[in-house]
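Please examine the sequence and the model below before reading the report on them.

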Amino acid sequence: MITIALAKGRLMEKAVNLLEIAGVDCRQLKQPSRKLIFFTPDRQIRMILVKPNDVPTYVEYGIADMGIVGKDTLLEEGRSLYEMLDLKFGQCRLVVAGFPEKQDVWITRSHTRVATKYPNIARNYFLHKGKNVEIIKLNGSVELGPLTGLADVIVDIVESGRTLKENGLVILEEICSVSARLVVNRVSLKMKNRETKALIDNIQMALEERKNGEVN
Ligand code: PRP
């Protein structure tokens with residue numbers, strides 16, 4: 001049996017669609033329910049629904065053989081696992097954002113407060129730039145940081161750009177692009193090689209199929 005950890009939230013629907021194209025029967029999981037563990041009818045695959053930040057943890061510890069999670073979460077969590085495929089959906093940018101009029105001020109200010117759900121990414125980013133910042137960890141609605149005066153800027157993901165725009169904020173710097181990734185436990189890849197490899201191949205084929213579908 002293979003266990004897949006799926007990130008609850010914005011990536012979930014697309015992850016399930018991709019798994020279905022890859023031949024994984026997700027009908028049970030699509031029923032309205034508060035259950036957290038689902039099996040395919042043949043019980044060859046178990047799916048567990050976890051918070052995005054916990055996907056790398058479950059995969060690193062081998063509770064899940066593989067997982068589907070955003071690259072932003074992987075960068076933040078820094079877990080030891082294999083990143084096998086870029087699944088191309090959930091494409092976002094990790095950015096520094098703030099008020100447009102603060103643009104010059106924050107670059108020259110000696111002490112900047114940064115609100116973010118991604119403290120490790122933000123710390124590393126500013127460390128490489130040699131900029132001394134104070135990181136303030138938030139768990140959501142990060143845009144409120146500058147709006148309320150808690151922080152000067154934010155480090156956050158931008159997808160459509162709507163949240164920034166509607167709150168009067170702009171992108172000041174781009175850190176990197178991110179998207180959903182298929183990650184695999186290091187031991188599972190060796191010990192369950194045949195099963196994991198077959199599923200990875202099917203997911204890769206599903207990706208191709210979806211890509212061709214979009215083109216046609
Ligand atoms: C994310 C992110 C931004 C927003 C960006 O938050 O932190 O706030 O989405 O998306 P957009 O560019 O399409 O507007 P999420 O919706 O995950 O909610 P949260 O603030 O509760 O974390």
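Predicted model: local features only at pLDDT ≥ 70, side-chain atom pairs only at ≥ 80, totals over all residues.

Residues are numbered from 1 along each chain as its sequence is written, and side-chain values use heavy atoms, with hydrogens and water left out.

**Domains and interface**

The protein is divided into domain 1 (2-90 + 179-215) and domain 2 (92-178), with bounds that come from an automatic or database domain assignment. Their C-alpha centres are 30 Å apart. Eight residues of domain 1 are in contact with 11 residues of domain 2, contact meaning heavy atoms within 4.5 Å. The two domains bury about 820 Å² between them, with 51% given by carbon and sulfur atoms; buried area is the accessible area (1.4 Å probe) that two parts lose on being put together, summed over both. Of the area that domain 1 buries against domain 2, 63% is supplied by Arg10, Asp72 and Glu76, more than by any other three residues.

One salt bridge is counted between the domains, the term standing for a side-chain nitrogen of Lys or Arg within 4 Å of a carboxyl oxygen of Asp or Glu. The side chains of Arg10 and Glu159 meet in a salt bridge at 2.3 Å, N to O.

**Ligand site**

Around the ligand there are 13 residues, the closest being Lys117, Glu143, Asp156, Ser160 and Thr163; a residue is included if one of its heavy atoms lies within 4 Å of the ligand.

| Residue | Protein atom | Distance to a ligand oxygen |
|---|---|---|
| Asp156 | side-chain N or O | 2.6 Å |
| Gly161 | polar backbone atom | 2.8 Å |
| Thr163 | polar side-chain atom | 2.4 Å |

Conventions
Polar contact = N/O pair within 3.5 Å; in protein donor to acceptor, adjacent residues only side chain to side chain.
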